[in-house]
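I wrote down what I looked up and what I found.

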Amino acid sequence: MSEATLFYNEKSILFFDRKTNQELSESYEINSFNTFVSNRLSNIIQSNIIDKGLVIHSVISDSTDGLLIPNDLYNPSKIEDFYMLNYSEMPSGKIICENHINALNATIIYSCKKWFYDFFNSNYPEVPILNSSSEYLNYSLNEKGSSRDIHLIVKKETFDIIKFKNKKLFSYNSISFSSMTDVIYFLIGHINKLNIENPSIQVYGDKKHIKELETLKNKIVSLKKNDFFFGTNENLIQLIT
């Protein structure tokens, strides 16, 4: 049976055919949640997925945060305490969730819209709710994915930066930004921390962010020797689904 993946970026939900990576319908914008939105979302899933003979394989959400913790140190019963060690307060309207990164024997914890989690957990309890950062980490940890030294995933308010050294994970961070200039200067700082000559850099983001980053990096002398590889959010979704 054919399968579908649902992707949520905290503003809208997109529906993809897992085999072809083609969108199954237009994205559904969600600025607030209520009974009408719940019923509308159920109808969209019914008409665009279930009525077409597809089943939902997984639901993947973006998050504005992320903390990677070795399993030797992690206690799931204190997930909120671990979150508060890194973030000053619990985000309003959200719950803290976890995904396991088996290749690292680690767990990533992150915030998720409570309505989103409750809706899918109640209506589709058999469907796993995953996080885009953890899914990209799993992808980048395989041999093909780790061919780049630095991975930059630009979201709406934050970006993930994943660094590899000698084909092994060096660090993972989720960082807030106000402009693409912020992203570039954080990137330069992380290049210096990695301390390898001319690391290659894989970047994913929306088309506007990608264009801005390309323009900015071409103006900075220290980045001219680095090989950059740019991809859109659509390319990213294809990788993690």
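Predicted model: local features only at pLDDT ≥ 70, side-chain atom pairs only at ≥ 80, totals over all residues.

Entry 1: I then checked Tyr8, whose bridge partner in S2 is Ile13. Strands S1 and S2 pair in the antiparallel sense, and I noted five bridges for them. The two strands form a hairpin with three residues between them. In the turn, Glu10 has a positive phi of about 75°.

Entry 2: I followed S2 to its pairing with S3, which is antiparallel and has two bridges. Here Ile13 stands opposite Tyr28 in S3. Next I asked how many of the six residues of S2 are buried. The answer is six, so I counted a residue as buried when its relative accessible area was under 20%. Both faces of the strand are covered. On one side I listed Ser12, Leu14 and Phe16, and on the other Ile13, Phe15 and Asp17.

**Entry 3: the five-stranded sheet.** I wrote down the strand order as S3-S2-S1-S4-S8, an open sheet with mixed pairing. Strand S3 (28-29) and S8 stand at the edges with a single partner strand each, so one side of each has no neighbour in the sheet. I also found that helix H4 (residues 132-140) lies across S1, S4 and S8. The helix runs at about 70° to S8.

**Entry 4: the three-stranded sheet.** I noted another open sheet, with the order S5-S7-S6 and antiparallel pairing. Its edge strands are S5 (67-70) and S6 (94-101), and each pairs on one side only. Neighbouring strands of this sheet are turned by 30° against each other on average, with direction ignored. Between S6 and S7 I recorded eight bridges. Across this pair, Glu98 stands opposite Ile109 in S7.

Entry 5: Which strands does helix H2 (residues 79-86) lie across? I found S5, S6 and S7, with the helix at about 95° to S6. H4 lies across S5, S6 and S7 too, but runs at about 10° to S6.

**Entry 6: helix H3.** I looked for the buried residues of H3 (residues 114-123) and found Trp115, Phe116, Phe119 and Phe120. Seen down the helix axis, these residues fall within an arc of 115°, so they line one face of the helix. I then looked up what they pack against. The list holds strands S1 (3-8), S2 (12-17), S4 (55-61), S7 (106-113) and S8 (129-131), together with helix H1 (35-48).

**Entry 7: the largest pocket.** My last search was for open space. The largest pocket has a volume of about 350 Å³. There are 18 residues lining this pocket, and the closest to its centre are Phe7, Asn9, Lys156, Asp206 and Asn233. The elements that give two or more residues to the lining are S2, strand S9 (150-154), helix H6 (207-217) and helix H7 (233-240). Which element gives the most to the lining? I found H7, with four residues.

Terms used: Residues numbered from 1 in each chain as written. Heavy atoms only, no water. Buried < 20%, exposed > 50% of the residue type's maximum accessible area, 1.4 Å probe, protein only. Arc of directions from axis to C-beta. Contact = heavy atoms within 4.5 Å. Pairing = 2+ DSSP bridges. Axes fitted to C-alpha atoms, helices over the stretch in contact; angles between N-to-C directions. 1 Å grid on protein atoms, 1.4 Å probe; cavity = no way out; pocket = protein on both sides within 12 Å on 5 of 7 lines; lining within 4 Å. Points joined across faces, edges and corners; volume = space filled by probe spheres on them.
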